[in-house]
Amino acid sequence: MAFLKDSVFKGRLIADAVSYIRKFSGETIVIKIGGSALSDPQKIKNFALDVVMLKNCGIDVIVIHGIGSHIDRILDKFGRKQSVVENVRVSTKEDIELIEMIISGHINKQIVQEINFAGGVGVGLSGKDASLITAAKMRRTKKETDSNIERLVDFGYLGSPKKINTEIFEILSDSPVIPVISPVGFDEYGNTYTINADNVAGAIASAVRANRLVLMTESDGLIGEDGSLISSLSRLEAESLRKSRVIKGSSLAKLDVCIEALKGGVFGAHMINSKLEHSLLIEMLTKERMGTFIFNNEANFTNEDFEFED
């Protein structure tokens, strides 16, 4: 009987997948992966399998990856220690050269290799390639506690995405290629900047008018005031949630990225846990909610527009 119930459950998942594949075929999904998952070879393999599966379903997939939690260890080997300002790692000109090699070389190629081993056609790109990402130096002000005077905080060579050149995606659209992008850009003066991968993913998703933005995080999604997972909410509800100050820390920053992407024309945004095996496929191709889904009611969508009849 247990076997029968399990078979029925699997059958329902497959039936769900067929409906979602039909819905997403020909659409673009932008996926960001980062954090500790990039330090775990098995998690990268599982992620690559999921990405190739989505691509084989006729979905245009764009992958953006983060720096990875092991970068500090690599910098230590070279005798480099980054300072931290406002909970942000500050990179010097010397640091940025090494970090670019690690991000665009070691980490990027590791993901590309696993995608190719999984049967896909992964191609690694830096934000510099094809002038993909024009960056601007990140600037933020902070009030002095004693004088209340605002001063400019210097984050070194940390930038933000200023402009996304979508030409390369137009060329690769409908091809078998899965672009894997490292979060590096440059400004009009030729300065190189590392950029928060969530911000890069959100900017690219908006620029290509992606159907979905997926942020694979270290947590299950947004946690409400009662301590339970918020499985779905509209963009307007997300904005209200943000104002309530219930969401804090890195989850708040990711929520901001999702909201801005939806304002930029993305249909829906997901925040899911990269630590859960095949969470990407389950979230995208079944009715099972693995994380938090934010839908764009500005485009006259409701939650029901993202579900299917039983």
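The model is predicted, so local features need pLDDT of at least 70 and side-chain atom pairs count only at pLDDT 80 or more, while totals for chains, interfaces and linings use all residues. Residues are numbered from 1 along each chain as its sequence is written, and side-chain values use heavy atoms, with hydrogens and water left out.

Let's start with the helices, which are DSSP runs of H or I with at least four residues, numbered from the N terminus. Two packed helices are described by the angle between their axes and the distance between the axes. Helix α7 (residues 235-244) packs with helix α8 (residues 249-263) at about 145 degrees, the axes lying 10 Å apart. Here axes are lines fitted to C-alpha atoms over the stretch in contact, and angles run from 0 to 180 degrees between N-to-C directions.

Which residues meet? From α7 come R235, A238, E239 and R242, and from α8 come L252, L255, D256, I259, L262 and K263; contact means heavy atoms within 4.5 Å.

Now look at R242, placed in α7. Its side chain makes a polar contact with the side chain of D256 at 2.4 Å (a pair of N or O atoms within 3.5 Å, one able to donate a hydrogen and the other to accept it). R242 is partly exposed, at 34% relative accessible area; that term covers values between buried, under 20%, and exposed, over 50%, with a 1.4 Å probe and protein chains only.

Finally, the cysteines: C57 counts as buried because its relative accessibility is 13%, and C258 counts as buried at 0%.

Note on methods. Helix = DSSP H or I, 4+ residues; strand = E, 2+ residues; numbered from the N terminus.
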